[in-house]
Amino acid sequence: MSLLEELYRETILSHYKSPKNFGPLADASVSIKGDNPSCGDQLELLLKLNGGRITEVRFQGHGCAISIASASMMTELVKNKTLDQALELTRQFKAMVVDGAEPAPELGDLKALAGVSKLHARTKCATLAWNTLEEAAKEAGTS
Amino acid sequence: MTSAYLIRADFPLFAARPELVYLDSTATSQKPRVVIEALEHYYREINANVHRGAYDLSVQATLAYEEARRKMARFLGADEREIIFVRNTTEALNLLVYAWGLRVLKAGDEILLTEMEHHANLVPWHLVAVHTGAKIKAIPVRGDGRLDLDSLDRLLTDRVRVVSLTHMSNVLGTVNPVAQIAKAAKEKGALVIVDGAQSAPHMPVDVTGLGADFFALSGHKMCGPTGAGVLWGRYEMLEKMQPFLGGGEMINEVYLERSSYAKPPQRFEAGTPAIAEAVALGVAAEYLMGIGMQNIWQHDRSLVDYALARLDEELPEVKTFGPRGPDRGGVIAFTLGGLHAHDVATALDQHGIAVRAGHHCAQPLHRKLGLAATARASFYLYTTRDEVDRFIEALKKVREFFKDWL
Ligand SMILES: Cc1ncc(COP(=O)(O)O)c(C=O)c1O
């Protein structure tokens, strides 16, 4: 299977075409914008928090299939997790797409993005939502 | 022109990567052997600081550096005293902003740019606007990718102190009628600055004929090494201008509390310059002149016409931007269906085709096009028709691969 076939599969396609948790979120506790200035991808991550737990999460913005699918799957995964759990998942995700580590089972469908580790030019796309999540966690921690 | 198939043999990178189809010369060009060897030769046999030592080696280094200045003057149809070595176009434009814009412009003055500018010709002016209160205006880009010159009368008020515009767009490939705009601007007494980052590598440029005051280029886009570029300026203007950076090499006399400055061009070359790079840039200019700038332009033109015709005919899902006609250089920004440019570029890369994806440092233009990003293929003297064919065939495979996504 070619790298393209490995990466651009049904999972990614469906999340790209109809992203989950996409759109505004009224009364968000934290909203953080993230962008990749070199490529113009932009997204905004909106979280509702309750006692350190993410009770609601949505995102909006625009980007390539990899960044949108990654954001979409991320929101599904971190919903109802604590911020600490979400940060642990972020580390596992980055280990997979940046360093090429075996996908942690906790990452579920996100393992569809494992091929990104072989495409250095695209790791920034895959990690955009996650970097934004880290920023949001920092913001939540300090507010 | 000598066939591109033969010219390729001058570029070692293509021998090292025989499968690569490099279509990103707009970002940076590949380097011919003579340029790579000039760098090595300089360090092996000539290296010393310039304008300093009384010893022979330093004299040799200075001669080589000044010889490069003469070559760049010949390349641009200028006087050698008007050639300032800088790092790149970005630095050249910033030099003008710091040495002239921030000092001279005042609240109420206007700066006229265009909607197709590279960030290098926008962001420095934003600094000026913030610090001086001068106002930025832009000549609009029409649907066909050309400047809307009908708006020039309205935009070119008596308050416009400077018109700074690109000679050729790095996204649309549009070659702007700089001489015509410069003439109108001069009638209003405005300074004219030309961003030649894309024109200088690809077409004959005669700076005096352009009627501009300044012209900026990047050596690395015209077969030279990174780190050396040129700012050309009319001598009377340079003479009136204060320095940008202060330090060694640019002075006449220095006391503890004050100094007087050297004449141009030294006045604008503070500190030890990129000597080897400047020398190699001179060699690159000579190499290009040997092939002939008009020949290179014709070659780019024929490839872009050929590529556009094939895309129109065989890939209706591909949308291209920029004008059709003799005022269009070898750059094709495009989209494929509703796909994001990055996904297209990644897929092309899997077929060995190197294209750029993103906003290409022209966000206002992309905003105008209603897009966050485009993919971009660009051609140069070493690009062959076979490569254009491989690009188009690969694009068809990408279309096939993503057919459910389009
Ligand atoms: C039209 C234009 N202006 C300015 C620049 C900036 O050039 P550099 O990065 O070499 O300073 C570029 C390079 O992409 C360009 O295409």
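Colleague: With which hand, left or right, does H14(B) pass H16(B)?
Modeller: This is a predicted model, in which local features need pLDDT of at least 70 and side-chain atom pairs count only at pLDDT 80 or more, while totals for chains, interfaces and linings use all residues. Residues are numbered from 1 along each chain as written, chains are lettered from A and ligands numbered from 1 in written order, and side-chain values use heavy atoms, without hydrogens and water. A near helix turned from the far one by less than a right angle gives a left-handed crossing if anticlockwise and a right-handed one if clockwise. The crossing of H14(B) and H16(B) is right-handed.

Colleague: Which element gives the largest share of the lining of the largest pocket?
Modeller: A pocket is an open set of points on a 1 Å grid over the protein atoms alone where a 1.4 Å probe fits, with protein on both sides within 12 Å along at least five of seven lines; lining residues have an atom within 4 Å of a point. The largest pocket has 19 such residues, and A:Ala121, A:Arg122, B:His342, B:Ala345 and B:Ala357 lie nearest its centre. Two or more residues each come from helix H5 (123-142) of chain A and from H14, strand S13 (353-354) and strand S14 (356-358) of chain B. The largest share, four residues, is that of H14(B).

Colleague: From which domains does the lining of the second largest pocket draw at least three residues each?
Modeller: This lining has 23 residues, with B:Thr26, B:His118, B:Asn170, B:Gln198 and B:Lys221 nearest the centre of the pocket. Its classes are 12 polar, six nonpolar and five charged. Chain B is divided, by an automatic or database assignment, into two domains. At least three lining residues come from each of domain 1 (4-31 + 292-400) and domain 2 (35-290) of chain B.

Colleague: How far apart do the C-alpha centres of domain 1 and domain 2 of chain B lie?
Modeller: The two domains touch, with 40 residues of domain 1 of chain B in contact with 37 residues of domain 2 of chain B. The separation of their C-alpha centres is 27 Å.

Colleague: Which residues does a cis peptide bond join in chain B?
Modeller: The loop between strand S10 (259-261) and helix H12 (275-291) of chain B holds B:Pro265. With omega of about 0 degrees, a cis peptide bond joins B:Pro264 and B:Pro265.

Colleague: Where does A:Asn21, with its positive phi, lie?
Modeller: A:Asn21 is not a glycine, yet its phi is about 55 degrees. A:Asp27, likewise other than glycine, has a positive phi near 55 degrees and is placed in the loop between H2 and S1 of chain A. A:Asn21 lies in the loop between helix H2 (10-17) and strand S1 (30-36) of chain A.

Note on methods: Nonpolar A, V, L, I, M, F, W, Y, C, P; charged D, E, K, R; others polar. Contact = heavy atoms within 4.5 Å.
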